[in-house]
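Hi there,

Here is the structure I promised to pass on to you.

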Amino acid sequence: MCSVCGCGHGEVKIDGKEPRNHSHDHSHDHSHDHEGESEIGVYSHAPGLAQKRMVQIEQDILAKNNSYAAQNSNLFSKQGILALNLVSSPGSGKTSLLARTIRELGKKPVISVIEGDQQTANDAQRIRETGAKAVQVNTGKGCHLDAHMIGHALEELAPHDGGIVFIENVGNLVCPAGFDLGEAHKVVILSVTEGEDKPIKYPDMFHASDLMLLNKIDLLPHLEFEVERCIDYALRVNPAIKILKVSATSGEGMEQWYEWVRTAHKMVLSGHPTADIYSKTGGKE
Ligand SMILES: Nc1nc2c(ncn2[C@@H]2O[C@H](COP(=O)(O)OP(=O)(O)O)[C@@H](O)[C@H]2O)c(=O)[nH]1
Ligand SMILES: [Mg+2]
Ligand SMILES: [Zn+2]
Ligand SMILES: [Zn+2]
């Protein structure tokens, strides 16, 4: 849980600018108390802060986040949009995987992307090179995206009805697990260069995700990475998690991922609840 990440609202930038409508006449009608939120960031760093007060602050942050997440989720369901929240540690291949996915899934459904990073607009630029619309959210010192930032990013993105919105979270396997962005599913990407014990080191993230993509499998011949052990660890923390082995570089296994995305998209379009559609087939391939 992240109440000490210093996510001050003054620092958040959407495509390099202050979020639009920050005179508080938001088109998405979340009730705002930005000053209060910034204060929380400051208070949380105060030495000697009582444990009880910390817990209260965390609960307040999450309650506020959940109400923004509900608004995002309503917007997605009203527009028939599948929203997927991609989470991982830095460098596991999220942007590479997204760029390939956009190129190979084709023009329909229309895909657009919200890119989260502390600094730089590099990833949004990489996505735009595929022809897809992308908005960059820079979180400054903040180490996760929250639902409020996503609300503002959606104002800029104006996603297509019936489309897919991919959200690339800040590279961090800890606090993004606790922040619902209004997405249908969290998808955790773990690359084989990171070690097979990540699921038990960061169980909250693997527990919160419906799908795990084990990426960079093209490198397996060069590594001592035990795939089966990694899968066992993931299933230990989340018996319902679906696991696919992929390589964003070679393309191996990517078709299964596209199939998963297409099925999730169909579920949204047909108005079915999407939360546990894969649990029936969960587990190993
Ligand atoms: N060998 C290999 N390298 C990959 C693969 N996917 C990504 N990479 C490389 O891993 C590095 C980080 O990738 P990037 O997409 O920026 O990761 P992100 O930080 O999660 O967005 C880059 O050098 C990519 O070329 C893969 O499947 N196989
Ligand atoms: Mg990236
Ligand atoms: Zn706002
Ligand atoms: Zn954080």
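**What I found**

T95 is buried, with a relative accessible area of 5%; buried means under 20% relative accessible area, exposed over 50% and partly exposed in between, with a 1.4 Å probe and protein chains only. Before going further, please keep in mind that this is a predicted model, in which local features need pLDDT of at least 70 and side-chain atom pairs count only at pLDDT 80 or more, while totals for chains, interfaces and linings use all residues. Residues are numbered from 1 along each chain as its sequence is written, chains are lettered from A and ligands numbered from 1 in the order in which they are written, and side-chain values use heavy atoms, with hydrogens and water left out.

**The magnesium ion**

Which protein donors does the magnesium ion (ligand 2) have? They are T95 (OG1), D123 (OD) and E168 (OE), at 2.1 to 2.2 Å from the ion. Donors here are N, O and S atoms within 2.8 Å of the metal (3.2 Å for Na, K and Ca), and a site may look incomplete because water is not among the atoms. Since T95 lies in helix α3 and E168 in strand β5 (residues 164-168), the pair ties together parts that are 73 residues apart in sequence. Helices (H or I, at least four residues) and strands (E, at least two) are DSSP runs, numbered from the N terminus. E168 is buried too, at 3% relative accessibility.

**Ligand 1**

T95 turns up again here: one of its side-chain N or O atoms is 2.8 Å from an oxygen atom of ligand 1. For S96, a polar side-chain atom lies 2.6 Å from a ligand 1 oxygen, and for S92 a polar backbone atom is 3.3 Å from one. A polar contact is a pair of N or O atoms within 3.5 Å; within protein, one must be able to donate a hydrogen and the other to accept it, and residues adjacent in sequence count only if both atoms are side-chain atoms. The shell around ligand 1 divides into 2 nonpolar, 8 polar and 5 charged residues. In this scheme Ala, Val, Leu, Ile, Met, Phe, Trp, Tyr, Cys and Pro are nonpolar, Asp, Glu, Lys and Arg charged, and the others, Gly among them, polar. Helix α3 (residues 94-105) gives the largest share of that shell, 3 residues.

**One more residue**

N138 sits in strand β4 (residues 133-138) and is buried, with a relative accessible area of 12%. A polar atom of the N138 side chain lies 3.3 Å from the backbone oxygen of D117.

Happy exploring!
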